[in-house]
Amino acid sequence: MTQVQCISPQGQTTPEKTLSNPWFGKGFCEPDQYKAAIERCSGGYKSCELGIDLYKDLAKILENHSAALRQWSTASQKQIVHSSEFGTTKKSWLNSIRAVEKLAESNDFIRENVQKTVIDKMTSYKNENYGKSFLQVKKIKEFEKEFKKVQRTWLDVLDKINDAKQSFHVAKRKLQIAQNAENIIKTDVGSSDDQTSKAKLNVETRQKETDRCKSKYENAINEMERAKPDYQKQMFRILESTDDFERKRLNHFNLTFNALQQAVLSEKNKWRDEIVDAFKKAIDGHNIEADIAFFNTNYGKDTKTIWPKFEDLN
């Protein structure tokens, strides 16, 4: 049977912050955070496969149960026929065995409905919406390609900021060293005018280099600020597409839950009220928009992105 994991292994009440989750607690627009959305799409595909496998197992169990009931009925009737029982008691006994065998007919009917309305439809949905190729799921690959395309340029911006930041910090450290050296020479009564002049010139040179690097660093930050709105808009546009894709899958799962209910409860039996109540609780507890909102709160548009900002060196 196909195995599937959620975004991170968890119990239903496990706080997200306690999990080993590479995407939790970060802003969606930060590098590679879009992979949370890709993982959600991938998880949806795996859930479809898991659902198909689970319902196939159910159909097989119903089929085996029907066969076992019929085998039991045939063997039981033979034993009753050859027993010492007689008259109306014998006839009633045989009829009660045949009545129990009708459970096999109910199972057959349910199994056929599960196959047609649940398994076949989920298989069609998976094939039509995900387009699995030999190595990749087409739709998921398309989303990933879009995210990478938008973030490629943004990563260049961040690299430029990081390079400028490092250059500024290196220049600032060298300036501090030059200033310390100049102060030592100034307080040293044995220092020559030439040493003092060289120390002063070195400080001036380092100051100019530091100012140049600082300006470059600040310009890189400003460039990021100008690019940020469009970048964020594009990232959220693709994210909303994955939201719609996931919403569509969750709607199909909701239809599947109802289809399974109809398949199982197509004929009344003494357990009907218990099953109806269990199905009602399960379906009433399925809230699509709450799932979408949860994702966006923890991984999507409602997260707090940490944008690079100017960091001086103390």
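So, how many salt bridges does the count come to? The count comes to 18 salt bridges. Keep in mind that what you're looking at is a predicted model.

Let me pick out a few of those, starting with Asp 108 and Arg 70. They form a salt bridge whose closest N and O atoms are 2.6 Å apart. Asp 108 sits in helix α2, residues 87-130, and Arg 70 is in helix α1, residues 35-81, so this pair ties together parts that are 38 residues apart in sequence. As for accessibility, Asp 108 counts as buried, at 17% relative accessibility. The cut-off for buried is under 20%. Arg 70, on the other hand, is partly exposed, with a relative accessible area of 31%.

Next, Glu 240 with Lys 301. Here the closest N and O atoms of the salt bridge are 3.0 Å apart.

Now for a salt bridge inside one helix. Asp 194 and Lys 198 meet through their side chains, 3.5 Å from N to O. They're both in helix α4, residues 193-264, and because they are four residues apart there, about one helical turn separates them. Asp 194 is partly exposed at 46% relative accessibility, while Lys 198 is exposed, with a relative accessible area of 55%.

There's also a network: salt bridges link Asp 244, Arg 247 and Glu 289.

Okay, let me zoom out for a moment. Of the 314 residues in the chain, 36% are buried. And if you take the contacts between residues at least 6 apart in sequence, 82% of them join residues at least 24 apart.

Then helix packing. Two packed helices are described by the angle between their axes and the distance between the axes. For α1 and helix α3, residues 138-187, the axes come within 10 Å and cross at roughly 180°. That angle is over 145 degrees, the cut-off for roughly antiparallel, and α1 and α3 are therefore roughly antiparallel to each other. Which residues in α1 and α3 meet? From α1 you have Ala 37, Ile 38, Cys 41, Ser 42 and Tyr 45, and from α3 it's Ile 140, Phe 143, Glu 144 and Phe 147. By class, that contact has seven nonpolar residues, one polar and one charged.

Back to α4, and a residue I'd like you to find on the screen: Asp 243, which has its place in that helix. Is Asp 243 buried or exposed? Asp 243 counts as buried, at 4% relative accessibility. Its side chain is joined to that of Arg 40 by a polar contact of 2.5 Å. If you leave aside the neighbours within four places in sequence, Asp 243 is in contact with Arg 40, Ile 292, Phe 295 and Asn 296.

Some of those names come back when we turn to α6. The buried residues of α6 are Ile 288, Ile 292, Phe 295, Asn 296 and Asn 298. And what covers them? The cover includes α1 and α4. At the N-terminal end of α6 there's a cap from Asn 287, with a side-chain oxygen 3.3 Å from the backbone nitrogen of Glu 289. Glu 289, you'll remember, is part of the salt-bridge network with Asp 244 and Arg 247.

Last stop, still in α4: Cys 213. Cys 213 counts as buried, at 5% relative accessibility. Cys 213 and Ser 167 are 46 residues apart in sequence, and their C-alpha atoms are 6.2 Å apart in space. Beyond the neighbours within four places in sequence, Cys 213 is in contact with Ala 164, Ser 167, Phe 168 and Ala 171.

That's my tour. Thanks, everyone.

Conventions:
Residues numbered from 1 in each chain as written. Predicted model: local features only at pLDDT ≥ 70, side-chain atom pairs only at ≥ 80, totals over all residues. Heavy atoms only, no water. Salt bridge = Lys/Arg side-chain N within 4 Å of Asp/Glu carboxyl O. Helix = DSSP H or I, 4+ residues; strand = E, 2+ residues; numbered from the N terminus. Buried < 20%, exposed > 50% of the residue type's maximum accessible area, 1.4 Å probe, protein only. Polar contact = N/O pair within 3.5 Å; in protein donor to acceptor, adjacent residues only side chain to side chain. Contact = heavy atoms within 4.5 Å. Axes fitted to C-alpha atoms, helices over the stretch in contact; angles between N-to-C directions. Parallel < 35°, antiparallel > 145°, perpendicular 65-115°, else oblique. Nonpolar A, V, L, I, M, F, W, Y, C, P; charged D, E, K, R; others polar.
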